[in-house]
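Colleague: I am new to this structure and would like a close look at a single part. Please set that part in its wider context too.

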Amino acid sequence: MTFDLTILAPHIPFLLKGAVLTAEACVLALVGSLCIGMIVAALVTSASPILSRIAYIYVDLFRNIPFIVQLFFFFYGLPEIGIYLDAFATGVIALSIAGGAFTSDVIRSGILSIDTGILEAAEVSGLSKPTIFRKIVMPIALRTSVRPLGSVFINLILTSSILSTITLNELTGSAKIVASDTFRPFEIYAVLLVAYASLTYLVSLAIGALHRYLNRDQSGVA
Amino acid sequence: MISVRGVRKAFGAATVLDGIDLDVHSGEVVSILGSSGSGKSTLIRCMNGLEKLDAGCITIDDFDVSRPKELTEARKRSATVFQLFNLYPHMTAVQNIALAPVEVLKIPPKQAEADARALLESVGLSARADAFPSQLSGGQRQRVGICRALAMKPRYLLLDEITSALDPEMTSDVLAILAKLASDGTTMVFVTHEIEFARTISSRVVFLDKGQLVVDLPTAEFFAADGGMAKPRIAQFLSKMRKD
Ligand SMILES: Nc1ncnc2c1ncn2[C@@H]1O[C@H](COP(=O)(O)OP(=O)(O)OP(=O)(O)O)[C@@H](O)[C@H]1O
Ligand SMILES: [Mg+2]
């Protein structure tokens, strides 16, 4: 058997559609994870013991259950109690919830590393708690967390391949279909390897650039 | 007027402020002297509401800092400059200064930015207005810290050893700004180890010892041989400070 990529040519549009779906799911899940992560990090570090307890339970729970089990629960379990969502929506929501648990943990440590003097300065200047959170705590926590958040996002991209198990034809799902149509799993999965590696590489470049931009004051040039 | 009455503050078993009474009237410059650990910073932190009092009462223009509703008003009237600057690291000098005026005083952002630039100009920093704190020297950072406090147009400035993290040259830049503020009639309470400076700009000097305010005298009397200096504790403190 020879390694012949040309046999994939007719399937490229189909694979690209899958790649676009992967990208869409990941971008939406990134936004979802960040929103959940910021809210949960705020709760965890809040003064209310009850809220912080609840937030901790969420984080511990979702970090300790395999993603595929969460996904099956949402996709196959919830319809039993009358909640129906399509595969794409389920995938995005499941990824956001799982990603949110990791994201909140990263943001939490970003928040805890902020020098208390800075928060005191904000407090005595008369800024309200919500304003301090929005204008000072979150921006500082996010900019110090760009790299670890990037790792969470890359993991999200990798994990999104599991969405193929709930009938979603994202990149991995469409590759599976092409493999069974063409009987050429070696070529198609080789392409998939390269596709995911390139995708995550590009994302990590973007993360590096974002980190440098947000922390541009640290670079030594005024 | 800032009025401190019978203030007590303890951390665990250690009583750090032990019944402090102090009045600061409009236009006064009051220096707080005292050896390390005597409670000077704690007193300032009680005045701006960062520490809860165990007993007593502090009011700023009759607003009680121990009551959350009144604390907001008290904080609009006073501003604090910190020893370690505590600038917001993700904001430029101008943004550091304009934040609270916009958010708290509801000054339009454009106006607040113009005001911030004018303040920076007044302390000789207009060229560094758009620099981040990490790109500034210590003395420059502290000047931004002072501008940030002044931008709130406070009636009272609280300053806690604001030059002690600076080298002598930078210290003199910052002290020159304080001297100008004092001569403009700004009311200030400042903790300092710069005895000679305290002597030149303050109207009153108070001396804290182990959490008690043992002396509260007009500056000239404090430094007079038959005034504060007659107290062995103060003579000892001053001679030690002058040696350092
Ligand atoms: N948050 C805190 N918890 C426990 N002890 C504290 C706390 N803050 C201050 N202290 C103690 O209170 C005492 C007074 O501290 P404070 O910082 O007010 O002194 P200071 O007069 O400002 O000294 P320095 O000249 O060194 O700045 C010290 O013994 C200090 O250890
Ligand atoms: Mg101190």
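Is A:Ile65 buried, partly exposed or exposed?

Modeller: One caution comes before the details: this is a predicted model. A:Ile65 is partly exposed. Its relative accessible area is 30%.

Now the setting. A:Ile65 sits in a loop of chain A. Helix H2 (49–63) lies on one side of that loop in the chain, and helix H3 (67–77) on the other. A:Ala98 is 33 residues away from A:Ile65 along the chain. Yet the C-alpha atoms of A:Ile65 and A:Ala98 are separated by 9.1 Å.

A:Cys26 has 3% relative accessibility, so A:Cys26 counts as buried. A search of the whole structure finds zero disulfides over all chains.

Now a helix of chain B. Helix H3 of chain B covers residues 93–103. Nine of its 11 residues are buried, so this helix is largely enclosed by the rest of the structure. Among the buried ones are B:Ala93, B:Val94, B:Ile97 and B:Leu99. B:Asn96 and B:Glu103 are buried as well. What covers them? The cover of the buried residues in H3(B) includes helix H4 (109–122) and helix H5 (138–150) of chain B. It also includes helix H6 (129–144) of chain A.

Step back to chain B as a whole. Chain B holds nine helices and 10 strands. Of its 244 residues, 56% are buried. A compact globule with 244 residues would have a radius of gyration near 18 Å, and chain B agrees at 18 Å. The C-alpha trace of chain B spans about 55 × 40 × 35 Å along its principal axes.

Contacts come next. Take the contacts in chain B with a separation of 6 or more: 62% join residues 24 or more positions apart.

Last, the surface and the charges. Chain B exposes about 10,500 Å², and carbon and sulfur atoms supply 52% of that area. Chain B has 29 positive and 29 negative charges, and their mean positions are 4 Å apart.

Technical notes. Residues numbered from 1 in each chain as written. Chains lettered and ligands numbered in written order. Predicted model: local features only at pLDDT ≥ 70, side-chain atom pairs only at ≥ 80, totals over all residues. Heavy atoms only, no water. Disulfide = S-S within 2.5 Å. Buried < 20%, exposed > 50% of the residue type's maximum accessible area, 1.4 Å probe, protein only. Helix = DSSP H or I, 4+ residues; strand = E, 2+ residues; numbered from the N terminus. Rg over C-alpha atoms; globule rule 2.2 N^0.38 Å. Contact = heavy atoms within 4.5 Å. Areas by Shrake-Rupley, 256 points an atom, 1.4 Å probe, with all protein chains shown as cover. Lys, Arg positive; Asp, Glu negative; His and termini not counted. Charge placed at Lys NZ, Arg CZ, Asp CG, Glu CD.
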